[in-house]
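Could you show me around this protein, one selection at a time? I have the viewer open and would like to know what to click on next.

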Amino acid sequence: MQIAGILHESIVDGPGVRFVVFAQGCPHHCKGCHNQSTWDPNDGYEMSVRAIIKEVRKAPDSVKGVTLSGGEPFSQAGEMTILANRIHSLGLSVVTYTGYLYEDLMEMSKTDSDVLGLLEETDILVDGPFVENLKDISLRFCGSSNQRVIDMKTTNMTGVVSIYSVR
């Protein structure tokens with residue numbers, strides 16, 4: 001898969017200490033994005049799922065999950081689904097950031113099984129584009145107030161978007 005980079009430890013990309021994979025390529029081009037270098041799908045570098053998992057295995061015991069960020073992880077949903085599945089097999093959680101709305105991803109999933117696969121492998125989904133005039137640095141795990149932190153387990157069980165309780 002094409003990635004912009006990895007971060008071995010982060011405390012701002014989801015609950016607990018997290019390993020972060022930054023996908024390369026993003027169709028959203030949000031004004032004020034702090035990861036503009038991830039927009040071009042031809043930049044970054046190729047890294048296999050196997051190589052990423054090898055890096056995750058080296059992470060300290062304090063790492064409790066992996067965050068898929070970007071760029072746009074759903075632009076590489078097939079490989080990201082495989083990666084998320086392997087992350088779960090290690091007993092770690094998966095947080096996925098996306099510039100798409102959950103409802104739009106559900107619509108996309110009707111014709112793209114990879115999108116559905118990544119949604120199913122995601123424990124927490126942070127959805128929505130970054131909106132510069134709604135920027136709020138007091139929010140946990142979000143950059144702007146229009147974005148939602150969604151508990152995917154509850155959402156999948158009930159069929160209704162359930163907001164994750166950010167403590």
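Before the first stop, a word on classes: Ala, Val, Leu, Ile, Met, Phe, Trp, Tyr, Cys and Pro count as nonpolar, Asp, Glu, Lys and Arg as charged, and the others, Gly among them, as polar. Keep in mind, too, that this is a predicted model.

**Stop 1: the largest pocket.** Select His34, Asn35, Tyr97, Phe130 and Gln147, which lie nearest the centre of the largest pocket. They belong to a lining of 31 residues, and the space inside is about 710 Å³. Which classes make up this lining? It has 14 nonpolar, 12 polar and 5 charged residues.

**Stop 2: helices H2 and H4.** Now select residues 77-89 for H2 and 113-120 for H4. Their axes come within 8 Å and cross at roughly 30°. Angles under 35 degrees count as roughly parallel, so H2 and H4 are roughly parallel to each other. Their crossing is left-handed. To see where they touch, show Ala77, Gly78, Met80, Thr81 and Ala84 of H2 together with Asp114, Val115, Gly117 and Leu118 of H4. This contact holds 5 nonpolar, 3 polar and 1 charged residues.

**Stop 3: helices H1 and H2.** By class, the contact between H1 and H2 has 6 nonpolar, no polar and 2 charged residues.

How values were computed
Residues are numbered from 1 along each chain as its sequence is written. This is a predicted model: local features need pLDDT of at least 70, side-chain atom pairs count only at pLDDT 80 or more; totals for chains, interfaces and linings use all residues. Side-chain values use heavy atoms; hydrogens and water are left out. On a 1 Å grid over the protein atoms alone, a cavity is a set of points where a 1.4 Å probe fits but cannot get out, and a pocket is an open set with protein on both sides within 12 Å along at least five of seven lines; lining residues have an atom within 4 Å of a point. Grid points are joined across faces, edges and corners, and a volume is the space filled by probe spheres set on the points. Axes are lines fitted to C-alpha atoms, for helices over the stretch in contact, and angles run from 0 to 180 degrees between N-to-C directions. Helices (H or I, at least four residues) and strands (E, at least two) are DSSP runs, numbered from the N terminus. Angles under 35 degrees count as roughly parallel, over 145 as roughly antiparallel, 65 to 115 as roughly perpendicular and the rest as oblique. A crossing is left-handed if the near helix is turned anticlockwise from the far one by less than a right angle, and right-handed if clockwise. Contact means heavy atoms within 4.5 Å.
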